[in-house]
Amino acid sequence: MSGMRRKEKEIKDKVVVEEVFRQNEVGRLATAVDGEPYIVPMNFAYISDKIYLHSHKDGKKIKDIQKNPRVCFEVDSGEIVTGENPCDFSWRYRSAVAYGKAKIVESKNERLKALRLISEKYSFGKGKLITPELMEKFDHLWIIEIDIDKMTGKMSPAP
């Protein structure tokens, strides 16, 4: 993992990095087009080296991905640990970053599967309520799939 300054905080076990992705509810999708970065918080589902997101078809992130599919996705959780004075404060956290290539999911079956995954994450047991007929009513809703090339993780205190 080049670029990580505090190597002792690196999460080296992929299973633990995946756990960070699964346990967090909000992630941040970063795109870049013509040298201009853009980042937005999003709900998501992670499974098998893929991240699934949903978006309105006219959103900026969709346009960005169509121009440059290389993206970054970050999740984190943490809490401040206080002390007697501000110099004693610290941060207890776990974070993970995924780098990969995003695409718009075209297949109706794959869109349905992804939306069910996202729904199950936020409302367990409700994913089955999303039917092909219901999906027809939401043709403005597009699914983004990020195929992950590399994942990194970091935590404090160090593992």
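In what order do the elements of the chain run from the N terminus on? They run α-β-β-β-β-α-β-β-α-α-β. That gives 4 helices and 7 strands. Helices (H or I, at least four residues) and strands (E, at least two) are DSSP runs, numbered from the N terminus.

This is a predicted model: local features need pLDDT of at least 70, side-chain atom pairs count only at pLDDT 80 or more, and totals for chains, interfaces and linings use all residues. Residues are numbered from 1 along each chain as its sequence is written, and side-chain values use heavy atoms, with hydrogens and water left out.

Start with the whole chain. Its C-alpha atoms fill a box of roughly 60 × 40 × 30 Å, taken along the principal axes. Of its 159 residues, 38% count as buried. Buried means under 20% relative accessible area, exposed over 50%, and partly exposed in between (1.4 Å probe, protein chains only).

Now go inside. The largest nonpolar core has 25 residues. Such a core is a set of buried Ala, Val, Leu, Ile, Met, Phe, Trp, Tyr and Cys residues joined through side-chain atoms within 4.5 Å. Phe21, Leu29, Ile51, Leu53, Phe73 and Ile146 have the most contacts inside this core. Strand S7 (141-156) is among the elements that supply at least two residues each. S7 gives the most, with 5 residues. A second, separate core has 11 residues, including Ala45, Val105, Leu112 and Ile118.

Look at Leu53. Leaving aside neighbours within four places in sequence, Leu53 is in contact (heavy atoms within 4.5 Å) with residues including Leu29, Phe73, Trp142 and Ile146.

Next, take helix H1 (14-23). Its buried residues are Val17, Glu18, Val20 and Phe21. Seen down the axis of H1, they fall within an arc of 150°, so they line one face of the helix. The arc is that of the directions from the helix axis to the C-beta atoms. An α-helix has 3.6 residues a turn, so residues three or four places apart point the same way. The buried residues of H1 pack against S3, S4, S5, S6, H3 and S7. The face of H1 turned away from its buried side carries the exposed residues Val15 and Gln23.

Trp91 sits in strand S6. Trp91 counts as partly exposed because its relative accessibility is 40%.
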